[in-house]
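Good morning, colleagues. I shall speak briefly about aromatic contacts and about helix packing. Please turn to the sequence and the structure.

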Amino acid sequence: MHGFGFHTLALLTAVGFAGPLLASIPRLRIPAIIGELAAGLVIGKTGFDVVDASDPTFRLFANIGFGLVMFVVGTHVPVRGGQLRSAIPLALARAAAGGAAAVALGIGLATAFGTGHPALYAVLMASSSAAVALPVIDSLGLRGPTVLSVTAQIAIADTACIVLLPLVIDIRRAPATALGALALTGCATVLFVLLRAVDRRGWRQRLHDYSKKQRFALELRYNLLLLFALSAFAVATHVSIMLAGFALGLVIAMVGEPRRLARQLFGVTEGFFSPLFFVWLGASLQVRDLGSHPKFILLGLALGVGAVLAHCVGRLLGQPLPLALLAAAQLGVPVAAATIGTEEHLLAAGEPSALLLGALLTIGATSIAGVWAAHRPAAGGDAAAEAKDAGTPV
């Protein structure tokens with residue numbers, strides 16, 4: 001079914017239901033994207049090859065989804081809580097300790113497998129995923145100082161690694177990428193100043209009320225405009241769309257995201273563009289290369305185990321082990337690395353699949369940690385008392 005049309009959109013939307021179906025399995029806590037990636041593998045290069053992942057229209061839709069996914073990830077970073085800021089020093093120490101361990105492990109893995117990507121592996125293993133870990137923490141009803149600390153740690157690791165990834169995935173282009181990233185950061189900073197000024201003058205609230213009354217969805221429209229403009233700037237300066245989406249998400253999170261906009265973004269992203277992106281990513285991967293290069297299976301396993309070990313260093317700084325495992329959850333950074341590596345041909349055959357395999361292992365560890373914290377609260381140290389109070393994290 002090569003060629004992109006409504007028949008392709010219908011197929012992609014249909015197979016995207018694999019995500020919610022898999023996520024509906026009780027107690028496993030499997031993210032929907034796992035099913036969407038698996039569906040893409042079945043209909044793409046690895047499976048029956050019924051869709052062409054290199055089709056320009058398909059890639060454009062997938063890139064829109066990529067930008068929106070990272071935008072939503074940015075809005076989920078908890079940057080406005082006053083109590084959260086008090087937890088930053090210890091969280092920063094734990095994130096730094098985990099990062100140092102990840103650097104050592106990254107050098108060891110790159111040397112052992114001969115890939116020449118020590119910095120990339122270090123960033124991957126040091127990363128966290130607010131999109132995976134924070135909903136688990138929320139569903140467990142955990143709160144208190146240790147949970148505040150791990151929430152801040154996840155936000156720090158998530159942000160730092162998303163910023164670092166474009167720089168380390170292709171070291172040769174790192175200076176040019178750094179300049180582009182700085183320019184993009186400058187644009188995001190200007191946007192923040194302007195949006196905060198607009199908000200303080202009450203103009204944004206007036207726009208919100210008018211849009212709600214007239215049902216124009218103006219907030220969604222101007223946020224999409226900003227996202228597409230930043231994405232165009234990112235492409236022009238050879239910076240990943242990932243950074244454009246994430247930077248805008250952080251700006252909106254710092255200014256304050258209206259609930260109506262959050263619902264609209266959720267509908268547009270999770271209802272269509274996010275599943276389409278993950279199906280495209282699965283379709284573009286050639287997992288059969290893992291069979292031809294079995295060392296990459298071992299690499300994926302090693303990356304997953306290495307990420308868990310790197311984050312467990314937090315135990316040395318008094319962090320309960322279940323929370324250290326929750327901080328090891330990876331999603332956005334490995335997906336972005338696989339996407340950029342595939343599009344730019346920066347990774348060896350089978351290596352993108354290895355990165356995702358490692359991420360899957362960390363998600364499995366996070367699921368186990370969630371069950372552990374819920375059913376064996378004593379194993380969580382201070383989290384034991386917090387788990388008894390089924391409140392919402394600050």
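I begin with a group of rings: Phe4, Phe58, Phe61, Phe272 and Phe273 together make up one aromatic cluster. Please bear in mind that the model is a predicted one.

Across the model, the count of aromatic pairs comes to 9. One of them joins Phe4 to Phe61 in a tilted arrangement, with 5.5 Å from centre to centre and 35° between the planes. Phe4 belongs to the segment before helix H1 (6-15), while Phe61 sits in helix H4 (residues 56-75), so this pair ties together parts that are 57 residues apart in sequence. Phe61 has a relative accessibility of 23% and therefore counts as partly exposed.

A further pair, Phe272 with Phe273, is edge-to-face, at 4.9 Å centre to centre and 75° between the planes.

I now move to the helices. The axes of helix H7 (residues 118-126) and helix H9 (residues 145-168) come within 9 Å and cross at roughly 165°. An angle over 145 degrees counts as roughly antiparallel, so H7 is described in that way relative to H9. The crossing of these two helices, H7 and H9, is left-handed.

Which residues make the contact? H7 contributes Ala119, Leu120, Val123 and Ala126, and H9 contributes Ala157, Cys161, Leu164, Leu165 and Val168. By class, the contact between H7 and H9 has 9 nonpolar residues, with no polar and no charged ones.

Conventions:
Residues numbered from 1 in each chain as written. Predicted model: local features only at pLDDT ≥ 70, side-chain atom pairs only at ≥ 80, totals over all residues. Heavy atoms only, no water. Phe/Tyr/Trp six-rings, centres within 6.5 Å; stacked < 30°, edge-to-face > 60°. Helix = DSSP H or I, 4+ residues; strand = E, 2+ residues; numbered from the N terminus. Buried < 20%, exposed > 50% of the residue type's maximum accessible area, 1.4 Å probe, protein only. Axes fitted to C-alpha atoms, helices over the stretch in contact; angles between N-to-C directions. Parallel < 35°, antiparallel > 145°, perpendicular 65-115°, else oblique. Left-handed = near helix turned anticlockwise from the far one by under 90°. Contact = heavy atoms within 4.5 Å. Nonpolar A, V, L, I, M, F, W, Y, C, P; charged D, E, K, R; others polar.
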